[in-house]
Amino acid sequence: MKDLTTIQHFIGCDVSKDTLDFAIFEKGKTYGSFQHIQVSNNLEGFQALRKWLRSFKINIKESVIAMEHTGVYSNALAEWCFKKDITFVLLHPLDVKNAGARGRNKNDKADAQFIADYVYTMREKLTPSAPEAPIIKKLRQLHNERQLAVRTRASYLNQVKTVTDSGTRHRMDKLTDVFTEQIKAIENQIKKEIKSDDAINTNYELLISIPGIGLVNALMTIIATGNFTRFQTARQYAKFSCVSPLSNQSGTSVRGGDHVSHAGHSEIKSLLTEGARSAINHDAQLKAYYERKRLQGKSHGCVINAVKFKLICRMFAVVERQSKYVNTEAYRS
């Protein structure tokens, strides 16, 4: 893995569905002096980028391409860079947004320029990225398929409550049954894919040993963490998903208190909320913790968030020590 401090050229990329905007960082020059090009988000565009860099006598393999991690839109470029042995960095969009939230223009060209400047500034803290493993990509697709089926079934279940016509109700009930069967089939395929990979299957079995963590939460955690390769600590993952509280204090006048950001990964937080509720009902230790904090005056949401963080800590702990969760309360006299 290359050290970004030894890289000669820093290239920022603003990713969209159809186009890619690239800008070259040039030390000592202002944003207006950045070289810029816009290409299509496909193989022809990637080749046009390489040709464009050659016009500046820049070897793309001696450069780093930085882009925000935008899911499917950035995957093609990331995979192309990996195949061509080109160093690239996938940046968390929230980090980029917070770094340049004020005092600059907001358009595709300016975004590419800012990303180029950002990766140069942060080169000592950033590390090169790698594309998503095929098994993780497959699990992500199955997870998305399941979520779509679950949401569609929920729509029918909510709508059927207001239906009075017996024929309509019968047809909607049949469609609901179809989606229920499809969800079961998808879940069976998910389990089959998990078992096909020893490392993922081992971590999956460890995760579901934790009260409150079932198939969906374990799957989402494995996908989001790249099977626990993208984050070193539970706190890093909690910060990524915006489960850990953020403080808002400055001097003597600003006392906003701690709060949870709404900018985090909403799906991860939603699934962890369901897991926390289940854990409180089935884990005596967490149930006692919840009741104790509520008696101390803490709000329901605040305590639930603390339980979510405890679940994250437990997940990272069992994976780190490679042993299933043990309920220590059961051994107390």
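1. **Ground rules.** This is a predicted model, in which local features need pLDDT of at least 70 and side-chain atom pairs count only at pLDDT 80 or more, while totals for chains, interfaces and linings use all residues. Residues are numbered from 1 along each chain as its sequence is written, and side-chain values use heavy atoms, with hydrogens and water left out.

2. **The sheet as a whole.** Five strands make up an open sheet with mixed pairing, in the order β3-β2-β1-β4-β5. Strands here are DSSP runs of E with at least two residues, helices are runs of H or I with at least four, and both are numbered from the N terminus. Two strands pair if DSSP finds at least two bridges between them. At the edges sit β3 and β5 (87-91), each pairing on one side only. On average, neighbouring strands of the sheet are turned by 25° against each other, direction ignored.

3. **Strand β1 and its two partners.** On one hand, β1 (residues 9-15) runs parallel to β4 (residues 63-68), joined by five bridges. Ile11 stands opposite Ile65 in β4, and Phe10 has Val64 as its bridge partner in that strand. On the other hand, β1 pairs with β2 (residues 19-25) in the antiparallel sense over six bridges. Cys13 has Phe22 of β2 as its bridge partner. The two strands β1 and β2 form a hairpin, with three residues between them.

4. **Strand β2 and the next strand along.** Strand β2 also runs antiparallel to β3 (residues 35-40), with six bridges joining them. In this pairing Asp21 has Gln38 of β3 as its bridge partner. When you look at the strands in your viewer, keep in mind that in a regular strand the side chains alternate between the two faces of the sheet.

5. **How enclosed are these strands?** Six of the seven residues of β1 are buried, so the strand is largely enclosed by the rest of the structure. The count for β2 is also six of seven buried, so that strand too is largely enclosed. Buried means under 20% relative accessible area, exposed means over 50%, and partly exposed lies in between (1.4 Å probe, protein chains only).

6. **Helices on the sheet.** Helix α1 (residues 43-54) lies across β1, β2, β3 and β4, and runs at about 155° to β3. Helix α4 (residues 108-121) packs on the sheet and touches β1, β2, β3, β4 and β5, its direction making about 140° with that of β1. Axes are lines fitted to C-alpha atoms, for helices over the stretch in contact, and angles run from 0 to 180 degrees between N-to-C directions. Contact means heavy atoms within 4.5 Å.

7. **Helices α7 and α12.** Helix α7 (residues 198-207) packs against α12 (residues 300-321) at an angle of about 135°, with the axes 9 Å apart. That makes α7 oblique to α12, because angles under 35 degrees count as roughly parallel, over 145 as roughly antiparallel, 65 to 115 as roughly perpendicular and the rest as oblique. The contact is made by Asn203, Leu206 and Leu207 of α7 with Met315, Val318 and Val319 of α12. These residues divide into five nonpolar, one polar and no charged. Ala, Val, Leu, Ile, Met, Phe, Trp, Tyr, Cys and Pro count as nonpolar, Asp, Glu, Lys and Arg as charged, and the others, Gly among them, as polar.

8. **Leu206 up close.** Leu206 lies in α7 and counts as buried at 6% relative accessibility. Leaving aside neighbours within four places in sequence, Leu206 is in contact with Val318, Val319, Gln322, Ser323 and Lys324. Leu206 and Val319 are 113 residues apart in sequence, yet 6.6 Å apart in space, C-alpha to C-alpha.

9. **Two backbone angles to check.** Gln322, in the segment after α12, has phi near 55°, a positive value in a residue other than glycine. At 45% relative accessibility, Gln322 counts as partly exposed. Phe228 has a positive phi as well, near 65°, and is found in the loop between α8 (215-225) and α9 (234-240). Phe228 counts as buried, at 14% relative accessibility.
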